[in-house]
Amino acid sequence: MYTPDAVTETEWQRAHEDLIAKEKELTRAQDRLAAERRRQPGYRIGGDHVFEGPGGEYSLTDLFEGRRQLIVYHFMLAPGSDHQCEGCSMFVDNLGHPEHLNARDTTLAVVSRAPYPEIAAVRERMGWTVPWYSSFGGRFNEDMGVTVDGGENFGLSVFIRDGSSVYRTYFTQGRGVERLGTNWSLLDLTPLGRQELWEDSPEGVPRSEPYAWWRLHGEYGD
């Protein structure tokens, strides 16, 4: 069984400080990457994509729930499949409370190709409350590149809305999804970012003092 090398407290402190310096440089590098990501172009989503959810049919703009940004997790759930993806399920298990994202004009939703009754059964079984929609019968999954030749892939897309026009600005899959799940990591993928004063963001992005906008969930309307 592996155990770390045993050293003195002084030796541990020296090794710890060396590691912290590298972690801080990684954080700064990630900040620079997020600033570049906020400046990435987007392409307009064509077609009239239709989704099914608990209230019936929804358009892509409906999924934004009136907010400017939308993050969609593409959950691998094929029509009629008796397999529930463990990795996709772990991702949803790790999601935080949505009100913190909502406070930054961002909505998070899950989309799968299975018909909605199959989605609803999984959602109830797992005790999830995240909005989850079916793209069954449409080309949304194919257009987003997560259904290829009938096979399912997982991934995460970011969209921004300008009135009724929707633009896709970011996509990641594979290990790019592993580090995601916290409100901060998800906001860092969006064109508007965390919307805090310290960020290197394009002109016109709303900003406020860091930490000052945080609330207990359920208290953002107070």
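**View 1. A nonpolar surface patch in the predicted model.** W184, Y211 and W214 make up this patch. Its area is about 370 Å². W184 sits in helix α6, residues 183-187. Its relative accessibility is 38%, so W184 counts as partly exposed. That value falls between the cut-offs of 20% for buried and 50% for exposed.

**View 2. Strand β5 and its buried faces.** β5 spans residues 106-112. Seven of its seven residues are buried, so the strand is largely enclosed by the rest of the structure. Both faces are covered. One side carries T106, L108, V110 and S112. The other carries T107, A109 and V111.

**View 3. Pairing of β5 with β4.** Strand β4 covers residues 69-74. It runs parallel to β5, and six bridges join the two. Q69 stands opposite T106 of β5.

**View 4. Pairing of β5 with β6.** Strand β6 comprises residues 132-134. Three bridges link β6 to β5, again in the parallel sense.

**View 5. G96 in the loop between α2 and α3.** Helix α2 covers residues 86-93, and helix α3 covers 98-102. G96 lies in the loop between them. With a relative accessibility of 40%, G96 counts as partly exposed. R14 is 82 residues away from G96 in sequence. In space, their C-alpha atoms are 35 Å apart.

Terms used. Residues numbered from 1 in each chain as written. Predicted model: local features only at pLDDT ≥ 70, side-chain atom pairs only at ≥ 80, totals over all residues. Heavy atoms only, no water. Helix = DSSP H or I, 4+ residues; strand = E, 2+ residues; numbered from the N terminus. Buried < 20%, exposed > 50% of the residue type's maximum accessible area, 1.4 Å probe, protein only. Pairing = 2+ DSSP bridges. Patch = residues over 30% accessible without salt bridge, like charges linked within 9 Å, V, L, I, M, F, W, Y side chains within 5 Å. Areas by Shrake-Rupley, 256 points an atom, 1.4 Å probe, with all protein chains shown as cover. Salt bridge = Lys/Arg side-chain N within 4 Å of Asp/Glu carboxyl O.
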